[in-house]
Amino acid sequence: MKKISILGSTGSIGTQTLDIVNQYPEQFQVVGLATRSNVELLAKQIKQFRPEIVAIGDENKLGTLKEAIASFDYSPILLAGEEGVIEVARYGDSQSIVTGIVGCAGLLPTIAAIEAGKDIALANKETLIAGGPVVLPLVEKYGVKLLPADSEHSAIFQCLQGVPDGGLRRIILTASGGAFRDWSVEQLKYVTVQDALKHPNWSMGQKITVDSATLMNKGLEVIEAHFLFGMDYKDIDIVIHPQSIIHSLIELQDTSVLAQLGWPDMRLPLLYSLSWPERIYTDWKPLDLVKAGSLTFREPDHDKYPCMQLAYAAGKAGGAMSAVLNAANEQAVALFLAEKIAFLDIPRVIEITCDRFTSHNSSTPSLEDILEADNWARKMVLMATEELGKTSHFVSLK
């Protein structure tokens, strides 16, 4: 039995991980749970899975959580705030930590888990995008495993099993194309928040769904792939694959191409990240290629999806630039979801922010440098938004 803790237990990644635990109780045991603010669902998870330690990121909700579990026949250690989440990450005899916290908020807890000798089932891509220069040396220092738990990087990791060192030639990341894959560039001027949250294939949280609509998620995955697999950016490509059956591919030195296929179901990469190198039998719906039908591919439209090129440029710039890109994107998406900027303003404010950081970038950033860059970028997005609001091409929704 593997003991695990889950950061972001009430989100999409967390709930699907707990579905796996519920289905395979002889394989996995929950030691710790952490979430930001969803007291009602967290209380239900505590009752069902009986963790030893629990943290809620919103300190104001700790009292409510205590009341919600007061009638239970046992009580876990209850903590609150960022320090509480960090404590869950490094607590006890958990062997693997599922990092399902959205955004750069997952960086410090992940570092704490690594320093405590825990393996990481990495569902929080921002950990490497923002903190790759710091995180990778820590992974090596503490001898832990960093296993991808998102569908694309899990697909690459699965395809690499048995490939000799030096055998990898190219990575091909597949993208659904998001909510607007069949929209014209002209139509994007009229996008609403509700439009952007209608993903055609996957059920995900709001932020990642908007990232899929801008294709920033794929740009971020390019940076993550660079750190995870050591590939140069020129050897990482993106292809639009509307059916989301092929989750990514690798090309080997002899031009052979290997792909991992399956129905769109996040449980599979999550399960593999927790069970590797084993394969656990499941009764999940197997892939039927006849029912899947035609699998199609097309080149992404860079005029329609400028965020991809911004991500490539940030990755190539190195240093803390990808942390700036990530923070700027998080802030811009939050403003869009709050209907304070238009959809097309997301890449505009990100580009302004990255351009203004160039002179501050260090090639060998420390953790403090990365955290400072993250904070700087969020403030710069707000300034850039104000500046764009004074120009004719900015369309404020409120």
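This is a predicted model: local features need pLDDT of at least 70, side-chain atom pairs count only at pLDDT 80 or more; totals for chains, interfaces and linings use all residues.

Q: Why are H13 and H14 called roughly antiparallel?
A: The axes of helix H13 (residues 306-317) and helix H14 (residues 321-337) cross at roughly 150 degrees. The cut-off is over 145, so H13 and H14 get the label roughly antiparallel. Their axes also come within 7 Å.

Q: Which residues of H13 and H14 meet?
A: On the H13 side you'll find Leu310, Ala311, Ala314 and Ala317, and they meet Met321, Ser322 and Leu325 in H14. By class, that contact has 6 nonpolar residues, 1 polar and no charged ones.

Q: What makes isoleucine 13 count as buried?
A: Buried means under 20% relative accessible area. Isoleucine 13 comes in at 15%, so it counts as buried.

Q: Which residues is isoleucine 13 in contact with, leaving aside neighbours within four places in sequence?
A: Those would be Val98, Gly100, Ala123, Met266 and Leu270. Isoleucine 13 itself is found in helix H1.

Q: Why is serine 12 called partly exposed?
A: Partly exposed sits between the buried limit of 20% and the exposed limit of 50%. Serine 12 has a relative accessible area of 27%, so partly exposed it is. Serine 12 lies in helix H1, which covers residues 12-23.

Q: Where does UniProt place the feature "binding site"?
A: The unreviewed UniProt entry puts it at Thr10, Gly11, Ser12, Ile13, Asn38, Asn124, Glu126 and Gly205.

Terms used: Residues are numbered from 1 along each chain as its sequence is written. Side-chain values use heavy atoms; hydrogens and water are left out. UniProt positions are given in the numbering used here, feature names are shortened, and annotations may be inferred rather than shown by experiment. Helices (H or I, at least four residues) and strands (E, at least two) are DSSP runs, numbered from the N terminus. Buried means under 20% relative accessible area, exposed over 50%, partly exposed in between (1.4 Å probe, protein chains only). Contact means heavy atoms within 4.5 Å. Axes are lines fitted to C-alpha atoms, for helices over the stretch in contact, and angles run from 0 to 180 degrees between N-to-C directions. Angles under 35 degrees count as roughly parallel, over 145 as roughly antiparallel, 65 to 115 as roughly perpendicular and the rest as oblique. Ala, Val, Leu, Ile, Met, Phe, Trp, Tyr, Cys and Pro count as nonpolar, Asp, Glu, Lys and Arg as charged, and the others, Gly among them, as polar.
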